[in-house]
Amino acid sequence: MSGNKLTSLAEKVFSPCKNLRKLVLSYNEIVDIDMDAFDNLNNLEELDMSNNKINTIPHKALAQLKNLKNLNLGNNTLVVRYGQFPSSLVSMDLSYNKLEN
C-alpha cells in the first residue's frame, strides 16, 4: 500500500487480514492512526510506515502487535515515548524523526 497518499488508518482497517505477516505503508501522507488500526494482526512481523507525516502513535496501536519483529518509522515527525514499542522487536528504524533525550 506504499505511495497511495493515505492520510489516516481507521479503526480495525486491517482486521480481515489476520494472516498478514508484512505490511508496507511507506511513502503515504499518514498523520492519524487509530488505536485499533492494527487490531487482529496477530501474525504481523514487519511493519514499514516510513516516509509519512506521523507525529504520534497511540500506545495500544503497537502494543497489540505481539509478534512484530521489524518496525520502520524512519523519516516522519515522530516524538517517541517510553514503552511505546512491543518487546518482540528485533529491528527498529527511527531515523530522521524529532527524537529528544
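Helices (H or I, at least four residues) and strands (E, at least two) are DSSP runs, counted off from the N terminus. Val13, for instance, sits in the loop between strand 1 and strand 2. What you are looking at is a predicted model, where local features need pLDDT of at least 70, side-chain atom pairs count only at pLDDT 80 or more, and totals for chains, interfaces and linings use all residues. Residues are numbered from 1 along each chain as its sequence is written, and side-chain values use heavy atoms, with hydrogens and water left out.

**View 1**
pLDDT is the predictor's confidence in each residue, on a scale from 0 to 100. The chain averages 92, and 95% of its residues reach 70 or more. Among the elements, strand 4 has the highest mean pLDDT, at 98, while helix 1 (residues 59-63) has the lowest, at 87.

**View 1. Phe14 and Phe38 make a stacked aromatic pair.**
Searching the whole structure turns up one aromatic pair. Here are Phe14 and Phe38, stacked with 6.1 Å from centre to centre and 5° between the planes. The pair ties together distant parts of the chain, 24 residues apart: Phe14 comes from the loop between strand 1 (8-9) and strand 2 (22-24), and Phe38 from the loop between strand 3 (32-33) and strand 4 (46-48). For the cut-offs, rings of Phe, Tyr and Trp (its six-membered ring) pair if their centres lie within 6.5 Å; planes under 30 degrees apart count as stacked, over 60 as edge-to-face and the rest as tilted. Phe14 and Phe38 are both buried, and buried means under 20% relative accessible area, with exposed over 50% and partly exposed in between (1.4 Å probe, protein chains only).

**View 2. Leu25 and Phe38 belong to the largest nonpolar core.**
A nonpolar core is a set of buried Ala, Val, Leu, Ile, Met, Phe, Trp, Tyr and Cys residues joined through side-chain atoms within 4.5 Å. The largest one has 24 residues, and those with the most contacts inside it are Leu9, Leu25, Ile33, Phe38, Leu47, Met49 and Ile57. Leaving aside residues up to four places away in sequence, Leu25 touches a list of residues including Leu9, Phe14, Phe38, Leu47 and Met49. A contact here is heavy atoms within 4.5 Å.

Strand 4 and strand 5 (residues 70-72) pair in the parallel sense over three bridges; two strands pair if DSSP finds at least two bridges between them. Look for Asp48, whose bridge partner in strand 5 is Asn72.

**View 3. Lys12 and Asn40 have positive phi angles.**
Most residues other than glycine have a negative phi. Lys12 is not a glycine, yet its phi is positive, about 55°. Asn40, not a glycine either, has a positive phi of about 80°. Lys12 lies in the loop between strand 1 and strand 2 and is partly exposed at 41% relative accessible area. Asn40 is in the loop between strand 3 and strand 4, and counts as partly exposed at 30%. Val13 and Asn40 are 27 residues apart in sequence and 9.8 Å apart in space, C-alpha to C-alpha.
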